[in-house]
Amino acid sequence: MKKIENFIARSESNYEQLYKKSIENPSEFWNNIAETFYWKKKWDKTLDYDFNKPEFKWFVNGKLNITENCLDRHLIENPKKTAILFEPNDPNEKSQKISYEELHKRVCVFANVLKSKNVSKGDRVCIYMPMVPELTVAVLACARIGAVHSVVFAGFSSTALAARINDAKCKVLLTADGSFRGPKVIDLISIANHALVDCESIESTIVLKRIGSEISLKPKQTWWHNEILEVTHECPSEEMDSEDMLFILYTSGSTGKPKGMVHSCGGYMIYSAYTFLNVFQYRPKDIYWCTADIGWITGHSYIVYGPLLSGATTVMFEGVPSFPDFSRFWNIIEKHKITHFYTAPTAIRALAKHSVSLVDSNDLSSLKVLGTVGEPINEEAWNWYDKNIGKSKCPIVDTWWQTETGGIMLSSLAGVTKDKPTFATKPMIGIQPVLLNNDGKETSSKNGEGILAIKYPWPSIARTIYGDHDRYKNIYFSAYPGYYFPGDGALTDNEGNYRITGRVDDVVIVSGHNLGTAPIEDAINLHPNVVESAVVGYPHDIKGNALRAFVILLNDKIEIDMENEIKNLISKTIGPIAKPDVVQIVSGLPKTRSGKIMRRILRKIASGEKENFGDISTLLNPEIVQEILEKS
């Protein structure tokens with residue numbers, strides 16, 4: 001078996017060599033990477049694809065089970081190594097260290113529980129659970145027997161949960177009696193029960209006792225702790241085709257209905273592991289912490305699969321950065337001697353509002369690599385992160401990717417290639433990005449600006465939208481035939497570094513000028529009294545479009561004209577053409593549970609709409625929509 005270490009970039013020239021090989025002969029390159037993993041049967045052909053259908057098949061007719069690569073193969077050399085380091089919500093509750101050997105046993109046990117509920121290869125299982133080790137166990141148990149997992153973030157409403165269960169026609173629901181989130185206790189089972197009223201496909205529900213509530217289960221519901229006593233810990237892995245479904249993960253659609261993105265076993269396995277090792281430069285003794293939730297693709301790829309495929313120690317955190325106070329992240333880094341810390345710009349900006357003494361009271365010297373994910377990070381937040389958390393010694397990987405891509409697409413490689421504030425920088429090895437003009441023609445790869453597109457498939461590209469392949473084609477492959485269209489705009493500097501300028505529908509043409517909203521937001525966020533901002537376009541009789549800025553202040557009692565201060569700052573930083581016509585001070589912005597600002601709602605408000613905002617129940621703060629409307 002080949003060693004994956006031979007294909008990890010360890011220097012800038014090494015990156016350039018590997019990147020060149022991956023572009024000149026992609027099939028040979030990915031063939032070599034795939035041969036570093038265990039397969040039950042080798043593939044007949046590395047890649048078969050057609051952008052027009054669209055159809056992508058990687059490692060054609062290869063047979064495998066991803067859990068053998070996540071678990072079984074590590075039992076030979078590192079059975080006692082910590083696979084999952086669990087940090088609970090309450091700092092007074094004991095942390096857990098779960099070895100690869102123990103995780104393998106738990107996965108096999110729960111896989112047998114699923115089989116006892118008549119779950120078999122191809123059946124869909126919905127997982128609606130808190131961030132506890134049993135969530136990872138559930139994900140891997142599904143994969144062990146060939147069931148398709150559909151994880152739904154445990155902050156979603158019953159309506160959102162029911163919609164996802166019904167779309168995938170899930171057979172079993174895995175949930176918990178409740179969850180802890182900061183000072184709150186969330187009644188998960190009640191939310192689940194409310195959803196189940198409308199879910200005819202669910203045959204049984206297994207409930208984890210997390211908060212210890214005294215509840216009576218309904219018919220067809222059983223306790224997790226009772227179920228695991230009834231089965232053995234021997235569970236051979238199901239043979240899966242490389243193109244069999246591994247999971248469905250729902251992501252928000254611009255037209256309301258969520259999109260169930262389908263990822264397959266073989267290609268996703270190869271790409272999530274390869275990007276994890278390259279981007280983060282993980283080494284065997286490192287302690288890696290991604291603060292995301294497994295309910296999102298970041299959690300799938302970079303808490304569960306990527307790290308476990310690589311034999312890493314991955315941290316799972318149940319809580320929030322503000323509980324019991326805003327030093328919690330830094331406490332955990334010191335406590336567990338975290339070496340790699342991967343979080344969202346939203347979290348960084350929120351933490352930067354508070355006294356730096358909360359950071360400095362902790363020993364962060366174990367840190368080697370910092371990362372950000374979810375949205376482009378503004379320069380002020382990048383500099384704060386670099387100075388106060390990394391002590392100007394840790395590379396920062398600003399990663400761009402999507403649920404649809406399965407893994408990181410643009411990023412520096414930690415300590416290998418150069419990072420640059422506000423730039424995702426270079427393409428991942430094997431990725432071929434281009435910039436297109438409005439006519440769909442490729443533009444310069446240096447000092448260019450346009451529509452970001454990918455012109456060659458990669459192993460973890462989503463294969464379809466579950467049950468709606470036409471929608472998949474229309475969204476991602478119809479606007480620019482022959483390319484994958486992610487919906488983002490980008491620019492490049494003279495070294496070919498990419499900067500994401502925002503969603504293409506967030507590129508607003510004002511008086512004939514194309515203005516990306518992300519750089520304008522960056523400028524606004526430079527103001528010392530601004531916490532966060534969102535800029536959107538709306539129709540204007542003379543300009544075609546105008547800009548409206550929604551701004552959260554650090555202190556709204558400061559006696560200055562903030563509207564003019566912000567406009568002057570933008571004028572000075574970018575130019576008068578970028579000044580918003582309207583600056584609205586707000587107490588919050590509508591956000592998804594993963595922290596992304598729902599700009600489509602803000603665009604509708606800016607355009608004068610008073611209703612028809614789609615389902616806002618899944619927002620982190622649905623009440624803010626009405627508050628913004630009332631002040632518009």
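The legends below describe several close-up views of a predicted model. Residues are numbered from 1 along each chain as its sequence is written, and side-chain values rest on heavy atoms, with hydrogens and water left out. Because the model is predicted, local features need pLDDT of at least 70 and side-chain atom pairs count only at pLDDT 80 or more, whereas totals for chains, interfaces and linings use all residues.

View 1. A search of the whole structure finds 0 disulfides, a disulfide being a pair of cysteine sulfur atoms within 2.5 Å. The sulfur of Cys-108 lies 5.4 Å from the closest cysteine sulfur, that of Cys-235, which is too far for a bond. Cys-265 is likewise in no disulfide, its nearest cysteine sulfur being that of Cys-70, 11 Å away. Cys-108 is buried at a relative accessible area of 1%, and Cys-265 is buried at 3%, where buried means under 20% relative accessible area, calculated with a 1.4 Å probe and protein chains only.

**View 2. Strands β14 and β15.** Strand β14 (residues 245–251) has 6 of its 7 residues buried, so it is largely enclosed by the rest of the structure; strands here are DSSP runs of E with at least two residues, and helices are runs of H or I with at least four, numbered from the N terminus. The antiparallel strands β14 and β15 (residues 259–264) are joined by 6 bridges, and Ile-248 stands opposite Val-262 in β15.

View 3. Seen in the order β5-β4-β17-β16-β18-β19-β20, 7 strands form an open sheet with mixed pairing, two strands being paired if DSSP finds at least two bridges between them. Its edge strands, β5 (96–99) and β20 (396–398), each pair on one side only. Strand β4 (residues 82–87) runs antiparallel to β5 and is joined to it by 4 bridges, with Ile-84 opposite Ile-98. Helix α12 (residues 328–336) lies across β4, β16 (287–290), β17 (313–317) and β18 (340–343).

Technical notes
Buried < 20%, exposed > 50% of the residue type's maximum accessible area, 1.4 Å probe, protein only. Contact = heavy atoms within 4.5 Å. Axes fitted to C-alpha atoms, helices over the stretch in contact; angles between N-to-C directions.
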